[in-house]
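User: I'd like a close look at one part of this model, with the terms spelled out as you go. Here is what I have on my screen.

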Amino acid sequence: MDDLQFGKRNKRGDRAPDKRLDIAPFWSRQPDPVKILKCVPGYFWPWSLFFFATALLWWRFVIPDTETLKTLSWGWVLRLYLINAVAIALYYGAFELRLYWQRAQGTRFKYNGKFPGDQKSDVFWFGSQNIDNAVRTLSIGVGSWTAVEVGMLWAYANGYAPWLGFAEHPVLVGLVFVFVPMLHEAHFYLIHRLIHIPVLYKWIHSVHHNSVNPSPWSSLSMHPIEALAYFGVMLWHLILPSNPVLALYQLHFAGFGAAGGHIGFDKIELGEGALDTPAYTHYLHHKYFEVNYADGVVPFDYLFGTWHDGSPEAQARMEARFAAKRARVNRKAG
Ligand SMILES: [Zn+2]
Ligand SMILES: [Zn+2]
């Protein structure tokens, strides 16, 4: 497949897709019903429904019964951690294997012309982005995921969180189901914006940003405080009219979904066709840092002037903003 049909490469070999990123059309000042209807399938399919399916699977086959959940014990907690870790190793690993180890499509549709394994640096554990990111993701990332999950399941089992059935409360529970991707982004935007405050950035978030050229292993490669805050999105279900399956969906949206922003490729070639990825918005965040704190499902970046849609105009706006910030800092220093 010819990737230059859909984008351009600069002299360094970095690729920019032609298509423009867009915030979700329901936030438009003049909502266009046709555009809104067209975006509905993509809101759910394929990624969100896949994460929901994994939540159902976990509830059915992995999560212990309510009696067991009432009491914390190392047995079921460690088993849950191991299953989560194996699932993430397989899920992230599948993308890593095909796109980064086998390099099955070379750099076709890859944003950054280089592969992370080509770049050694002392900022990473063992001097390698790949090893550092994989180890951090499976230890700190999945560990924090499981810690929040265990706390929440314990709260459900002991009656500390609202537990509404799908059949008895279809409208309320249905609304929460629809709301899960938006809540994910709103929560992510807030904590993400917070950890970009310089002192917190240096202490916490710089760990994640060491990967300027991210791959799926980078997804949960975080400082423990960031990882706990990120998976803390599940705790909103302590006050929502929800149930454990939806809370697990929220958690899996964060856990499995994180790979979506870090795939590093615009399309994954599948036979004659290709699967679009949602990676470009967050790739731009890793490249330029102070743009696209979220992915456009909520309009905060757009409202606060940090939205980068990939266009030359957005690039110029961002550069002007950075130059103004530099001038402010220099004035203060002078
Ligand atoms: Zn990231
Ligand atoms: Zn960031």
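Does Phe109 count as buried or exposed, going by its C-beta neighbours inside 10 Å? After that, please walk me through the packing around helix 5 (residues 129-157).

Analyst: Phe109 is buried, because there are 24 C-beta neighbours inside 10 Å. The cut-offs: 20 or more other C-beta atoms within 10 Å of a residue's own means buried, 12 or fewer means exposed, and anything between is partly exposed, with C-beta atoms placed from the backbone. Keep in mind that this is a predicted model, where local features need pLDDT of at least 70 and side-chain atom pairs count only at pLDDT 80 or more, while totals for chains, interfaces and linings use all residues. Residues are numbered from 1 along each chain as its sequence is written, and chains are lettered from A and ligands numbered from 1 in the order in which they are written.

Phe109 lies in the loop between helix 4 and helix 5 (helices being DSSP runs of H or I, at least four residues, numbered from the N terminus). Its phi is near 70°, positive although the residue is not glycine. Phe126 belongs to that loop too, and its phi is near 60°, again positive in a non-glycine residue. Phe126 counts as exposed, though, because it has 10 C-beta neighbours inside 10 Å. Most residues other than glycine have a negative phi.

From helix 4, Tyr81, Asn84 and Tyr92 are among the contact residues, and helix 5 brings, among others, Trp145 and Glu149 (contact means C-beta atoms within 7 Å). The contact residues divide into 11 nonpolar, four polar and one charged.

Next, helix 8 (residues 224-231) packs on helix 5 at about 40°, with the axes 9 Å apart, so helix 5 is oblique to helix 8. Ile140, Gly141, Ser144, Trp145, Ala147 and Val148 of helix 5 meet Pro224, Ala227, Leu228 and Phe231 of helix 8.

Leu153 has another partner: apart from neighbours within four places in sequence, Ile63 is in contact with Trp58 and Leu153. Ile63 sits in the loop between helix 2 and helix 3 (66-69) and is buried because 22 other C-beta atoms lie within 10 Å.

Finally, the largest nonpolar core has 66 residues, and Tyr230, Phe231, Met234, Tyr249, Leu251 and Ala254 touch the most other members. (A nonpolar core is a set of buried Ala, Val, Leu, Ile, Met, Phe, Trp, Tyr and Cys residues joined through C-beta atoms within 7 Å.) Helix 5 gives the most to this core, 10 residues.

Technical notes:
Axes fitted to C-alpha atoms, helices over the stretch in contact; angles between N-to-C directions. Helix = DSSP H or I, 4+ residues; strand = E, 2+ residues; numbered from the N terminus. Parallel < 35°, antiparallel > 145°, perpendicular 65-115°, else oblique. Contact = placed C-beta atoms within 7 Å. Nonpolar A, V, L, I, M, F, W, Y, C, P; charged D, E, K, R; others polar.
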